[in-house]
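Dear colleague,

I am passing on the structure that we spoke about, and below it you will find an account of what turned up in it. Please keep the display open while you read, so that each residue can be located as it is named.

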There are 2 protein chains.
Amino acid sequence: MSFNSSKPITTFFFIVIILALSLTSVFSFSVDLDQSLTYIWPLPAQFTSGNETLSVDPELSLALSGNGGRSRIVKEAFDRYKAIIFKQTSSRASVYKLLRGMRSGYDITKLSIIVHSDSEELQLGVDESYNLLVVKNSDHSIIGEATIEANTVYGALRGLETFSQLCSFDFETKSVQVYKAPWYIQDKPRFAFRGLMLDTSRHYQPVNVIKEIIESMSYAKLNVLHWHIIDEESFPLEVPSYPKLWQGAYTKWERYTVDDAYEIVSFAKMRGINVMAEVDVPGHAESWGAGYPDLWPSPTCREPLDVAKNFTFDVITGILADMRKIFPFELFHLGGDEVHTDCWNSTPHVKQWLQDHNMTTKEAYRYFVLRAQEIAISKNWTPVNWEETFNAFAKKLDPRTVVHNWLGPGVCPKAVAKGFRCIYSNQGVWYLDHLDVPWDNTYTAEPLEGIDEVSQQELVIGGEVCMWSETADSSNVQQTIWPRAAAAAERLWSRREAISSENITLTALPRFHYFRCLLNRRGVQAAPVTNFFARQPPTGPGSCYVQ
Amino acid sequence: MSFNSSKPITTFFFIVIILALSLTSVFSFSVDLDQSLTYIWPLPAQFTSGNETLSVDPELSLALSGNGGRSRIVKEAFDRYKAIIFKQTSSRASVYKLLRGMRSGYDITKLSIIVHSDSEELQLGVDESYNLLVVKNSDHSIIGEATIEANTVYGALRGLETFSQLCSFDFETKSVQVYKAPWYIQDKPRFAFRGLMLDTSRHYQPVNVIKEIIESMSYAKLNVLHWHIIDEESFPLEVPSYPKLWQGAYTKWERYTVDDAYEIVSFAKMRGINVMAEVDVPGHAESWGAGYPDLWPSPTCREPLDVAKNFTFDVITGILADMRKIFPFELFHLGGDEVHTDCWNSTPHVKQWLQDHNMTTKEAYRYFVLRAQEIAISKNWTPVNWEETFNAFAKKLDPRTVVHNWLGPGVCPKAVAKGFRCIYSNQGVWYLDHLDVPWDNTYTAEPLEGIDEVSQQELVIGGEVCMWSETADSSNVQQTIWPRAAAAAERLWSRREAISSENITLTALPRFHYFRCLLNRRGVQAAPVTNFFARQPPTGPGSCYVQ
């Protein structure tokens, strides 16, 4: 079979669903959330389920077709998910298969994946929609037992994740089963930008820990890793143009080579996740001066970076030129937050420069931000700034700027009213280092709160939970991220109406428990759901599913 | 080359070391601990190092010889360690190799492993000694650049771990290097039994989490996983003879199949780790009655198990028969701790039985323990009991019993004085759930404290740190285990004199920091070393190496 990539994917599935309906008599629609508690996280846009239980062959095969039919991204994802799905069917599975095969065989022996486009470009707004059908095999059927159809390989990845969540190991029969089949799911994300920020400056995270975080993001269908690589405490990244910069690393072992960064970007792309790098200027940059003390206005004024020297902007240009080769994502974060310019005024040569240029320190802050934006834009990047730059000089900001909210609610409404795009990260609910925020506050936070015009709503490209790492290192970062990041992930993926029930204790909490335990099973150290403080240990013995 | 497996491994290495000495002029002996801070954990029995830096080829090859030269255990371990050692030399390593190769080539391109015995039997006291030589390649040398010699495959595994700890990634040259070469290490463990207990009843741990724990144990050269599978809260294990037992699991998902248990034993063996299973009777067994309520004396007296019914011992016999197929280790733990027999007396049929048999409840407890021991012994197991059985009726205990200390210090001295073997787990220092025990108390705890006679010292087979899981689940178990388990691991592996310095802040703490960061790099969530409470988050930004 071959498909035209421009054909809406619903057409094929419309035919399929009619066929499925005609092949099974137990098909029951259940769109009512209370009845169809599905344990899929995040909740798909549309789905129907039935009452059949289907068994899945541990030697499940892949039939990949369409213009994207040779995609290594999909093939490797299939192998990953197969390992996840059949983790508990041990090496003895073939014995069971033999026993079982003599009796009846499996209901699902093949997963067909149809990818319409052969483009693997991963940019903001890439089509992540997919349709998934899981139906009992029948000799009369022309369609596969399990089929994912997507316009892009990234839609196929999202479909694979959902398929893996439909599969569960049955301890009685020792086989993987899909309950409530047939399933027909039509799914797509609500927001294009569904991010997690990771700070690797306050604590260094080894590359494989970052990979584990990326892998876990894919389970919740998050799609942007905002990598806050550098901050005032340490500069772990190798910058070939200015090789002394990573002398600002804590130790010679707590560093990322250029190859490490490439590896992270590549690993993320294989999971449909973009990496948005950040170079936070002019504040939060003290560590830069460890290698190049000239970047400090003076030994006692170590940040913000020296606005008076061209060298400062040469270094920024060099860093961005080196990073542009590594990070293909169109968005690049330039920070701009928490800039305390007092000591500029008390540093003689900077004070002189301010006088010469007839600038206040506030104006110099603006000058710095805009000059950094120009450098990023010249490298074909869209600049992202923390909201302070918008709050301070919205009119002067490049109109392409994406405003990154964090200080509180109400900023995205102002930003989109002025025509800027916005990312929602209200710290009161979406800062993961705020350990006193319970899961339901994270869950009910709404990026479109206070924005009624559709045209303005469309400027909110999504949201991001932020993992500032002052008290998070490799020992506890995953349990600080999860499960609350998943609460935000459903907010960003699922339809607003479907997840805005009055009683989320009934509609979301059991699924949330289930997803947390799924993360644990997959080796992600997600903390108990309902502890008052995030990442607290369980309070006593008990099942994962109620803690 | 072929070697006689009965030949002491020192002979070969004696020749080697002479050769090595004649080949290098920079060889410097440095047995003084202060000078030779080696960052190897646990500290090897004997070692010398020099002043050379050697580069290691990312395509390091394995030359495996001796009677154990076809061992899959060693081959797979080599592959695992190669992945660990070269984790940071990315896919671009071959480019560097090309560049480097044109210049000079690598110093170490081959690891020779000589295993004298072809036996892969893994039992208490298996020979884990090894010699390791790492020396610059020379055309004049008849020996390999890096050589491990061991009597058994398990000694080879320990040597591989040490070799991996000598290798570190250099961020400037982007290559793996061995500092302070040449290295000559002669190593063997001080105790045969170096255990970690894991409780999977208070919280279920998925199989892959257990595997991660086992893997991490091998990094610290621990060699026994004491699997406290079942307790009063849940009965997760499948028992084919009594298939309703795992109805005592928290949920249908929080279970271990027989295959899972096989898988865990096999995974552990590949890492030189025995699995000592525990069936804790007659206390701590309430969950048994979920499937078989007859095991409860009455609905209001749910433990200890019903001493008055033969059915109770039939079930124990069935469980042990099923488990014997899975667990080949000669030691089997029968619990016996914290048995509160009051409600036996208030249950009419048990009270009657006690009268009929002219027993007090204390005597019935003894009767139960001894009958369970007989069952285990009949299955060719050596019984292990928590110390209460020794404290209560030492004279009646089977002399083969291994006494497992936990209540405090001073028990092993009493046990060995009476001719029993003993495992040291003094809860004040080696219970990992005691979060207020700082690392140095764990480190300085001495299993032979109070035992002066060599013949009695030899009865202390080792020690074990215990991870009771009331407040430890998949989200935090690793950070509760590590790094303190490593403090005990060095105590159990290394020579007492070598690690009994007055000033462990100088001799051990820097190495301990380093090992904790090594665990983090390898994906183990070891908590900061010096936090007052174990598993607390870091208190602020900083390097892994000082937290």
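In which loop of chain A is the place of A:P282? Before the reply, please bear in mind that this is a predicted model. A:P282 sits in the loop of chain A that runs between β11 (274-278) and α7 (310-326), and the peptide bond that joins A:V281 to A:P282 is cis, with an omega of about -5°. In chain B, a cis peptide bond leads from B:E303 to B:P304, where omega is near 5°, and B:P304 is found in the loop between β11 (274-278) and α7 (310-326) of chain B.

Another backbone detail to look up concerns A:K180, which has a positive phi of about 55° although this residue is not a glycine; A:K180 belongs to strand β7 of chain A, which covers residues 175-181.

Turning to the place where the chains meet, 61 residues of chain B are in contact with 61 residues of chain A. The size of an interface is often given as the accessible area lost when the parts come together. Here chain A and chain B bury about 4,600 Å² between them, and 52% of that area is on carbon and sulfur atoms. Within chain B, the residues that lose the most area to chain A are B:F171, B:W253 and B:D259, which together account for 15% of what that side buries.

Side chains of opposite charge can pair when their charged atoms come close. Six salt bridges are found across the interface of chain B and chain A, including one between A:R255 and B:E172, whose closest N and O atoms are 2.9 Å apart. The search of the whole structure, over all chains, finds 46 salt bridges. Among them is the pair A:E76 and A:R72, with 2.8 Å from N to O; both residues lie in helix α2 of chain A (residues 72-85), four residues apart, or about one turn of the helix.

Finally, the second largest pocket has a volume of about 420 Å³ and is lined by 24 residues, of which B:I84, B:I85, B:K87, B:Q88 and B:R521 lie nearest its centre. At least two residues of this lining come from each of α5 (207-219) and α6 (258-269) of chain A, and likewise from each of α2 (72-85), α4 (153-166), β6 (167-170) and α19 of chain B. The lining divides into twelve nonpolar, six polar and six charged residues.

With kind regards

Key
Residues numbered from 1 in each chain as written. Chains lettered and ligands numbered in written order. Predicted model: local features only at pLDDT ≥ 70, side-chain atom pairs only at ≥ 80, totals over all residues. Heavy atoms only, no water. Contact = heavy atoms within 4.5 Å. Buried area = accessible area lost by both parts, 1.4 Å probe. Salt bridge = Lys/Arg side-chain N within 4 Å of Asp/Glu carboxyl O. 1 Å grid on protein atoms, 1.4 Å probe; cavity = no way out; pocket = protein on both sides within 12 Å on 5 of 7 lines; lining within 4 Å. Points joined across faces, edges and corners; volume = space filled by probe spheres on them. Nonpolar A, V, L, I, M, F, W, Y, C, P; charged D, E, K, R; others polar.
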